[in-house]
Amino acid sequence: MIAASRDTGIPTSRDDRPLTKPSSAFLDALQGARSIILTGHEHPDGDCLGAQVALHELLVGLGKEVLILNPDPPSKAFDFLGRHVTYNAFRGGPLPHCDLLVLLDCSELRRLGRLQRAVEAASPRIAVIDHHVGSEYGDGDVSFVDTGAAATGELVHRLFGVLGQPLVPAAAEGVFVSLVSDTGWFRYSNTTARVFELAADVARAGVDASALFDLLNRRNEPDSVAILADAIGRSRITLDGRFGSIQLEREVVEQSTRIGLDLDLVMEPLRSVGSIEVVAMLKESHDGGVKISLRASRGVDVQKIAVGFGGGGHKKAAGASVRGTLESVRGEVEAAVRKALDGSARS
Ligand SMILES: [Mn+2]
């Protein structure tokens, strides 16, 4: 059925924006390379890893020699994707030779963590595939960027169409993991009709959504419950009930990493509070810094707040890494959130 054209003022999930296509320079770089290394940001998430599986399958199908080399190994939740590809984690030394290095789900070498120096030393040709705001100004010699894409995996899916390659089951699973990771299982505001069409396409290619949900979300260790309970217990609500924050010391972060627990879960109770417009999770990192994760409901643009801390992301989910103590950083973030809330009408 065709949706009514009359504007009812009711928000819908329609998105009639024309799709950004890869440039011919980008396609030439991809097709002209014989050996290609795929990489992504530090602590790769489901979008990054899923997009890598899909792109790996696409490029192998085109006869390329493909190596996935990330700054860090995948966390346990994503280990099942290793049925399809080998995720190599960089262990030092020079970058292996390649005709092209593809950055997925990030656009700047500074996001490559321990891999950054080796890449700078080898200075290979760089292609970027990303959907973060500002990625078109990143370090790519060629870029395929669409900030309207729900996930990087969506862009890789588009490449299958452009290059006329069949979406093999492994690639479909990769795209699906990308989509559900970056749309929060079709809950976030980037969940458009186009995303559902894409999900239908990968489901037809053989993806088992329910089995993947269990693989991604139902394999935590028994210890995870106590860690989550303790972490959630540190929630604070300030700014007249409009800001929720959680500070997590290094020990908690390391414990979680050890058992493969995704700490983003601790933000959920705060995000479920009706009055809260911004949630910040602050994690003390091993190098003495603090990692900030920001989530917004309604009007506040947390990407702008993250940029103020040298980070970035999306309007409703963004992050940054800064120097300082948990308490000092929390104060700075709260001040930035207060300013943003003052600038946006209470809804
Ligand atoms: Mn992403």
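Student: Which residues in helix 8 meet which residues in helix 9?

Tutor: Before we dig in, this is a predicted model, where local features need pLDDT of at least 70 and side-chain atom pairs count only at pLDDT 80 or more, while totals for chains, interfaces and linings use all residues. Residues are numbered from 1 along each chain as its sequence is written.

Now your helices. On the helix 8 side you have Asp223, Ser224, Ile227 and Ala231, and they meet Val252, Gln255, Ser256 and Ile259 in helix 9. By class, this contact has 4 nonpolar, 3 polar and 1 charged residues. (Ala, Val, Leu, Ile, Met, Phe, Trp, Tyr, Cys and Pro count as nonpolar, Asp, Glu, Lys and Arg as charged, and the others, Gly among them, as polar.) Two residues are in contact if their C-beta atoms, placed from the backbone, lie within 7 Å. Helices (H or I, at least four residues) and strands (E, at least two) are DSSP runs, numbered from the N terminus.

How do the two helices lie? Two packed helices are described by the angle between their axes and the distance between the axes. Axes are lines fitted to C-alpha atoms, for helices over the stretch in contact, and angles run from 0 to 180 degrees between N-to-C directions. Helix 8 (residues 223-232) and helix 9 (residues 250-259) have axes that come within 11 Å and cross at roughly 150 degrees. The two are therefore roughly antiparallel to each other; angles under 35 degrees count as roughly parallel, over 145 as roughly antiparallel, 65 to 115 as roughly perpendicular and the rest as oblique. The crossing is left-handed, meaning the near helix is turned anticlockwise from the far one by less than a right angle (clockwise would be right-handed).

Another pair to look at is helix 2 (residues 46-61) with helix 5 (residues 169-183), packed at about 160 degrees with axes 7 Å apart. That makes helix 2 roughly antiparallel to helix 5. Their crossing is left-handed. The contact residues divide into 9 nonpolar, 5 polar and 4 charged.

Helix 2 also leads us to a sheet: helix 2 lies across strand 1 (35-40), strand 2 (65-70) and strand 4 (100-104), running at about 170 degrees to strand 1. The open sheet has 6 strands in the order 3-2-1-4-5-6, with parallel pairing. Two strands pair if DSSP finds at least two bridges between them. At the edges are strand 3 (88-89) and strand 6 (142-145), each pairing on one side only. Strand 5 (residues 126-130) joins strand 6 over 4 bridges, and Ile129 stands opposite Phe144 there. Helix 4 (residues 152-162) lies across strand 4, strand 5 and strand 6, at about 110 degrees to strand 5.

Let's zoom in on Ala29, which sits in helix 1 (residues 24-32). Ala29 is buried because 23 other C-beta atoms lie within 10 Å (20 or more counts as buried, 12 or fewer as exposed, in between as partly exposed, with C-beta atoms placed from the backbone). Beyond its neighbours within four places in sequence, Ala29 is in contact with Leu100, Arg125, Ala127 and Val142.

Last stop: some antiparallel strands. Strand 10 (residues 289-296) pairs with strand 12 (residues 317-323) over 7 antiparallel bridges, and Val290 stands opposite Val322. Strand 11 (residues 312-313) is joined to strand 12 by 2 bridges, also antiparallel, with a hairpin of 3 residues linking strand 11 to strand 12.
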